[in-house]
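Student: Walk me through this model. I want the criterion behind each label.

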Amino acid sequence: MSRLSSVASEEERSIQDHFAERASSYGAGPSWVNDACSLRHVHDEWLRRRPGSLIDVGAGTGAATAFLQPQENSPLVVDCDVSLPMLRAVDRAQSQSGRRSVVADAEALPFSAGSFDMAICRQAFHYFGSPVTAAREVYRVLSAHSVFVVSQIVPFDEEPDLEWWTQLVRMRQPSRRHELSRDSICDVLRASGFVFLRTEEYLARSSLDGWLRRYDCPVRTQAGIRQHFASAPRSVAERRKFEFKSQDVEYTIRWVTVTGEKNL
Ligand SMILES: C[S@@+](CC[C@H](N)C(=O)[O-])C[C@H]1O[C@@H](n2cnc3c(N)ncnc32)[C@H](O)[C@@H]1O
C-alpha cells in the first residue's frame with residue numbers, strides 16, 4: 001500500500017481523525033454504506049463499459065468497489081483514500097487480485113494522465129478541500145471517453161428542503177467542508193471538463209436513531225437534531241415521509257448519481 005507524505009491542514013486532520021476512529025466499524029450494521037442500491041447506477045455503468053481499470057476516489061473501506069465484484073473480469077481496481085486506517089479495512093476484507101489500495105489526496109492523485117478507464121466517488125466529495133481540483137485530477141487520470149460517476153446523498157432541489165437538509169447535516173457532521181446538491185455536483189463536473197452529464201436518482205429509507213448511533217454525537221447535538229425533525233416544515237416531513245416511531249424517525253434520503261464523460 002502506498003503512503004501519503006504531505007502535511008495536512010487542521011481541517012484535513014480532523015477529517016482524518018474522524019475516519020481513523022470509525023474505520024474498524026465503518027461498514028458494520030445497516031446503513032447506506034451497505035446499501036448496494038445506492039450504487040445501482042454505478043454498477044450499470046460498470047457493466048455497460050466493462051473497464052480495464054477503475055479508480056474509486058475517497059474509497060474508504062472499499063465498500064463501493066466491493067459491490068462491483070471486480071473479480072468477475074479481474075480489471076485493475078484502485079481504492080484511493082487519504083485515510084490509511086480506512087484503506088487497511090479494505091485489505092482485510094478483500095484480497096482479490098487486481099485490487100490495490102493507495103493512500104492519496106483526491107486533489108493530487110499519484111497517477112499519470114490517462115491511467116484509468118472509469119472513476120467513481122461515493123459520499124466523499126463533500127470532504128475534499130476543492131471539489132473542482134479533485135474532479136480535474138480525476139479528469140486528468142482518466143483515458144479518453146471514460147466516465148466519472150459521482151454518487152452522493154443530496155437534498156431535494158427546492159426550498160425548504162435544501163435549507164432544512166443543509167442545517168441538519170451541519171449539526172451532525174460539522175467536519176464536512178461542502179454542502180452539495182445535484183446542481184452543484186453537475187457544476188463541479190462541468191467546470192472540470194466533463195461533458196454529456198447524466199443524472200439519476202434513487203430514494204432510500206433511513207433511521208434517525210441508526211444515523212445517530214453510527215458514531216459519537218454529543219447529547220446536546222442529538223437533542224437539537226431531534227428537535228430539527230420535530231419542527232421540520234410540513235412539506236419536508238411529507239416529501240421525506242417522516243414516520244415517528246417511539247424515539248426514532250424514519251425518513252427518505254435522496255441519492256443522486258451524476259455521470260460525466262471525458263470527451264477527448
Ligand atoms: C463517507 S466516507 C465514504 C467512503 C466510500 N466512498 C463509501 O462509499 O463507503 C468518505 C471518505 O472520503 C475520504 N476522504 C476525505 N477527504 C479526502 C481527500 N482529500 N482525498 C481522498 N479521500 C478523502 C475519507 O477518508 C473517507 O474514507
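Tutor: The radius of gyration is taken over C-alpha atoms, and the globule rule is 2.2 Å times the number of residues to the power 0.38. This is a predicted model: local features need pLDDT of at least 70, side-chain atom pairs count only at pLDDT 80 or more, and totals for chains, interfaces and linings use all residues. Residues are numbered from 1 along each chain as its sequence is written.

Student: What makes the radius of gyration agree with a compact globule?

Tutor: For 264 residues the rule gives a radius near 18 Å, and the chain has 18 Å, so the two agree. The C-alpha trace spans about 50 × 35 × 35 Å along its principal axes.

Student: Which residues of helix H2 are called buried?

Tutor: Buried means 20 or more other C-beta atoms within 10 Å of the residue's own; exposed means 12 or fewer; C-beta atoms are placed from the backbone. In H2 (residues 40-49), His41, Val42, Glu45 and Trp46 are buried.

Student: How do you know that they are on the same side of H2?

Tutor: The arc is that of the directions from the helix axis to the C-beta atoms. Theirs covers only 145°, so they lie on the same side of H2. The face turned away from that buried side carries exposed Leu47 and Arg48. Just after H2, arginine 50 takes a positive phi of about 45°.

Student: How much of the chain is buried?

Tutor: Buried residues make up 36% of the 264 residues.

Conventions. Helix = DSSP H or I, 4+ residues; strand = E, 2+ residues; numbered from the N terminus.
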